[in-house]
Amino acid sequence: MCGITGYIGTDPTGRIVHEGLQNLEYRGYDSAGIALAGGGSLSVHKTGGEVGDLPVPSREDGTRGIGHTRWSTHGEPTRENAHPHTDCTGDVAVVHNGIIENYAALADELRADHVFHSDTDTEVVPHLIETHLADGVSLLTAVQRTTERLTGSYALAITAAGHDGIVVARSDSPLLLGHGDTGTFVASDATAFIEHTNRVTYLRNGDIAHLTETEWTVYNDGARVSRDIEALDWSADAAGKSGYDHYMLKEIHEQPRALRQAISGRISDLGTDVTLDMELSTETLQNVAELQIVACGTSYHAGLYAKELLETHADLPVTVHVASEYELRGGRSPKDTLVVAITQSGETADTLAALRSAAQKGAPTLALTNTLGSTVTREADDALFIRAGPEIGVAATKTFVSQVATAALLTMHIGRARNAISTSDAAALRDAIRDLPGAVQQVLDQAPEIASIAREYADSDAFFYVGRRAGRPVALESALKLKEISYDHAEGFSAGELKHGPLALVTDNTPVVAVLTEYAAPERTANNVKEVQSRGADVIGLASDAGTARHADVTITLPACGPLEPVVANVALQLFAYHIANEKGRPIDKPRNLAKSVTVE
Ligand code: F6R
């Protein structure tokens with residue numbers, strides 16, 4: 001999605017803002033721009049193409065700069081619609097993430113005195129600022145008065161010729177400051193500036209900050225407020241490619257470490273105790289009659305896996321909702337319904353809207369997320385971190401496995417609180433959680449074999465994935481991974497559903513990937529394998545058990561991992577998807593039309 005970066009300080013501003021934009025490219029975008037202001041002038045560079053097409057502005061262009069990568073919502077991805085947008089005087093430059101919902105009414109009002117050059121909702125902002133500046137007020141006051149007129153969501157960064165500093169504002173769209181040795185950074189995502197500083201301030205809704213070369217000041221509702229500085233435990237290295245061709249491949253290979261981080265300190269060496277840094281009381285967990293999960297995309301698939309674990313081991317009915325379709329309705333009363341938002345970014349607009357709907361009705365809420373300080377962590381009653389580390393590839397990989405591993409820990413925690421989990425089930429889950437990093441490593445060690453299977457099938461007409469129980473979310477997730485990075489047609493199904501329709505699509509050039517692991521009813525799925533084989537399709541089977549594996553035409557052998565064995569299968573299928581996409585030369589880290597953090601509903 002759109003990305004914002006900005007810098008004010010003593011280092012070369014143009015270079016820093018340009019690099020910040022390169023760091024944000026992973027989020028997905030279709031056009032970009034930079035504005036630098038210095039003394040009495042403003043210079044703006046925009047492109048309807050890539051960040052690399054923009055010049056690196058020199059120090060003479062200005063000492064304070066803002067930049068933007070745009071993912072189109074209102075208006076085509078053209079140079080005119082790229083940010084920064086300017087006012088009629090050409091002195092005010094604005095970059096914006098989010099959607100100004102009342103832009104049409106504002107534009108109608110402004111059009112009498114202002115000329116618009118784009119189709120965007122954003123352009124009303126510089127024109128509104130221009131009208132306030134004409135009254136002789138400071139840039140800060142002009143922005144404060146402008147935001148009072150806006151409805152919708154925004155993260156804004158503004159700089160202007162003849163006015164001091166950069167002014168930034170946030171409402172329902174993420175924005176944070178970075179505090180470096182040479183100056184202050186602003187960004188929608190710390191990745192933009194992490195090579196310069198890990199000291200950050202997360203702005204809150206309604207915050208407007210004024211950044212100068214020497215200080216930063218935050219206001220909310222017109223009053224000056226203090227905001228903390230936090231240290232992010234990321235390094236620039238953690239956000240780099242470390243020699244891999246793609247972030248996605250690096251992140252696939254990071255999974256054993258990500259999983260160890262997710263587990264570390266949370267599970268006892270002896271026994272089956274789980275210690276989660278959560279504030280939801282045991283009493284709340286005991287009294288809950290139902291758990292509802294809200295999530296999108298890959299996180300939704302993690303939610304389906306969590307349902308399987310929680311219903312089996314914690315005696316809790318669970319419903320999983322695509323967040324954009326959710327409105328709290330189930331539950332005997334909202335207070336008996338625990339609503340869990342699963343979101344790696346913590347910023348997905350649909351998931352946040354679902355969470356807010358649940359909270360408004362009085363349901364206790366929990367966020368399962370990767371991102372410290374994200375909006376979901378501030379809005380949910382409690383947050384449980386999956387500790388996967390930064391994920392730059394648009395296609396989620398390590399965050400998915402870390403979400404499921406953390407859901408397994410949560411299952412043990414809730415099962416214990418409700419006195420619902422048997423000693424043997426708790427021990428089986430504990431062993432699976434502990435074995436998972438090693439089992440994933442064993443799959444990664446088979447990467448060359450998996451790559452060669454992928455190359456063999458790369459030219460297929462379509463790919464179908466089937467599984468049962470926890471194998472089903474893995475089938476759905478693995479199909480999603482393949483389609484988003486290779487652009488091939490790939491669909492996941494419940495194995496039993498094949499004969500109720502999808503079987504009509506099966507031919508001898510549509511391989512079927514079957515999750516034949518433990519916890520996925522492998523023997524029953526093996527029957528469906530026969531159905532597709534008899535229609536000519538090759539079956540690629542994933543199994544730890546040689547007896548089950550024999551049903552497939554091609555087998556990827558997995559280490560056993562109890563209730564988490566389907567997760568191990570997912571890792572093999574991430575590699576399968578990666579190598580098919582790589583074979584086709586796709587832009588794996590930045591698939592067309594997709595974005596890492598989806599901040600519009
Ligand atoms: C696919 C993918 C998306 C996200 C979805 C939700 O690889 O990454 O489907 O899972 O956009 O994002 P989060 O988890 O940030 O809420």
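Trainee: In this predicted model, why does F185 count as buried?

Mentor: Its relative accessibility is 3%.

Trainee: How do you know whether Y7 is buried or exposed?

Mentor: The relative accessible area of Y7 is 0%. The cut-off for buried is under 20%, therefore Y7 is buried.

Trainee: What makes the pair of F464 and F493 tilted?

Mentor: The ring centres are 6.0 Å apart, and rings pair if their centres lie within 6.5 Å. The planes stand at 40°. Stacked needs under 30 degrees and edge-to-face over 60, with the rest tilted, so F464 and F493 form a tilted pair.

Trainee: Which parts of the chain does that pair link?

Mentor: Distant ones: F464 is in strand 21 (residues 463–467) and F493 in strand 22 (residues 490–494), 29 residues apart. Both F464 and F493 are buried.

Trainee: How many aromatic pairs does the structure hold?

Mentor: There are 4. One of them joins Y7 and F185, at 4.8 Å centre to centre with 45° between the planes, and is tilted. That pair also links distant parts of the chain, from Y7 in strand 1 (residues 3–9) to F185 in strand 10 (residues 183–187), 178 residues apart. Together with F193, Y7 and F185 form one aromatic cluster.

Trainee: Where does R592 lie relative to Y487?

Mentor: R592 lies over the face of Y487, 3.8 Å from the ring centre. The distance limit for a charge over a ring is within 6 Å. R111 lies over the face of F116, at 5.1 Å from the ring centre.

Note on methods. Residues are numbered from 1 along each chain as its sequence is written. This is a predicted model: local features need pLDDT of at least 70, side-chain atom pairs count only at pLDDT 80 or more; totals for chains, interfaces and linings use all residues. Side-chain values use heavy atoms; hydrogens and water are left out. Helices (H or I, at least four residues) and strands (E, at least two) are DSSP runs, numbered from the N terminus. Buried means under 20% relative accessible area, exposed over 50%, partly exposed in between (1.4 Å probe, protein chains only). A charge sits over a ring if NZ of Lys or CZ of Arg is within 6 Å of the ring centre and within 35 degrees of the ring normal.
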